[in-house]
Amino acid sequence: MTSPTEPVDPTGPVEPTGPVDPFLPSPLHDLMFGHIHSAALRAVVVHGVADHLAAGPRTAEDLASRTGTDAAALRRVLRLLASRGLFSEDERGGFRLEEDGQPLRTDVPGSQHAGVVMITDPMFARSAPGLQDTLHTGQPSFDLVYGMPFFEHLLKSPEDRATFDAGMAAFSGAEDELVAQGYAFPEGARVIDVGGGRGGLLGAVLDRQPSLSGVLFDQSATVAEHLLDRPGLAGRWRTESGDFFTAVPSGGDFYVLKHILHDWNDEDCLRILGSIRRAAEPGARLLVVDSVLPGNSAPHPALELDIVMLMALKGRERTAAEFGTLLDRAGFRLQRILPTPALPSIVEAVAVSP
């Protein structure tokens, strides 16, 4: 035991003898201060800081003059984000963009700039505190904050719709090629992408297999901005607009639903799947491209997305068993689940005879 006259080494380890300080690093600390990190990330992204670091380190003062921000405040925010590995600070006070921070730039392949702007947008940030009410009601907190459902709000707010579309394009652009690599379509097949947005996935599929043809089906305003009019795809595709709750194009060998079912509850999913089943001949294949959760509480990268669905929509991420039950109710039989190098898996099902 140390005597009263012996010096105590202030740098040595100190064993805790009471409650743990919640301000010290721990899982609880990270969760409790998660919204602070998210706000800091949004702040540097909306001011385009990462683009100014493409050529190398810059001081907070230099960055502030280029972005119209306050140097002292900017340094403090960058210092926090540096602690998470997105930036680093050298001995001269210069901030460097690290490898994990490169997707924050707007001028790199796979940029997640628009994705970060979308996820940290007030549409979601304002809905998050209402999650406590969602636990009482089971209803999306977004509806309480904005007074209407999420997709109805997007129709009435062009600015938020543009933010959402750009963010989803950023996320999907990185996934489409990886998903297209994950499934071998037979020669000459006709692929109908239901709710396919601007055609990113359909284009990636057609690029990989020149014998395929396809139909891009979505709302008229969406397909009007399609990305399919490019060399190599001429004469192999067409667009069609409509409401997938009512009807979808017939005659497809494969029907694709990418990030559609997770937006909706089971009853709405059955309406979408019912439209496809009425259009599909027995034996036609359905490919649901969505995250597949494990059947327990094991860590999974889609668990955060599942909570976004809970607070903003009436959708959910599903387990393999839940997909099987849903598909069976809609007249499809689950065949297999194929993992991809991206977040979603490919849930393959076949249309069965009535």
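The model is predicted: local features need pLDDT of at least 70, side-chain atom pairs count only at pLDDT 80 or more, and totals for chains, interfaces and linings use all residues. Residues are numbered from 1 along each chain as its sequence is written, and side-chain values use heavy atoms, with hydrogens and water left out.

**Cavities**

- A search of the whole structure finds 2 cavities of 30 Å³ or more. A cavity is a set of points, on a 1 Å grid over the protein atoms alone, where a 1.4 Å probe fits but cannot get out; lining residues have an atom within 4 Å of a point. Grid points are joined across faces, edges and corners, and a volume is the space filled by probe spheres set on the points.
- The largest cavity holds about 70 Å³ of space. Its lining consists of Val179, Ala180, Tyr183, Phe185, Leu201, Val205, Val256, Leu287, Val289 and Ile346. Helix H10 (158-181), helix H11 (200-208) and strand E8 (285-290) each give two or more residues to this lining. Helices (H or I, at least four residues) and strands (E, at least two) are DSSP runs, numbered from the N terminus.
- By class, the lining of the largest cavity has 10 nonpolar, no polar and no charged residues. Ala, Val, Leu, Ile, Met, Phe, Trp, Tyr, Cys and Pro count as nonpolar, Asp, Glu, Lys and Arg as charged, and the others, Gly among them, as polar.
- The second largest cavity has a volume of about 30 Å³. Residues lining the second largest cavity include Val44, Asp51 and His113. Its lining divides into 5 nonpolar, 2 polar and 1 charged.

**Nonpolar cores**

- The largest nonpolar core has 31 residues. Such a core is a set of buried Ala, Val, Leu, Ile, Met, Phe, Trp, Tyr and Cys residues joined through side-chain atoms within 4.5 Å. Buried means under 20% relative accessible area (1.4 Å probe, protein chains only).
- Among the residues with the most contacts inside this core are Val194, Phe244 and Leu257. Helix H13 (266-279) is one of the elements that supply at least two residues. H13 gives the largest share, 6 residues.
- Leucine 257 touches Val194, Ile272, Leu273, Ile276, Leu286, Leu287, Val288 and Val289, not counting residues up to four places away in sequence. Contact means heavy atoms within 4.5 Å.
- A second, separate core of 22 residues includes Leu212, Leu233, Phe254 and Val256.

**Sheet**

- Three strands form an open antiparallel sheet in the order E1-E3-E2. Two strands pair if DSSP finds at least two bridges between them.
- The edge strands are E1 (58-59) and E2 (87-89).
- E1 and E3 (residues 94-97) pair over 2 bridges. Threonine 59 has glycine 94 in E3 as its bridge partner.

Methods
On a 1 Å grid over the protein atoms alone, a cavity is a set of points where a 1.4 Å probe fits but cannot get out, and a pocket is an open set with protein on both sides within 12 Å along at least five of seven lines; lining residues have an atom within 4 Å of a point. Buried means under 20% relative accessible area, exposed over 50%, partly exposed in between (1.4 Å probe, protein chains only).
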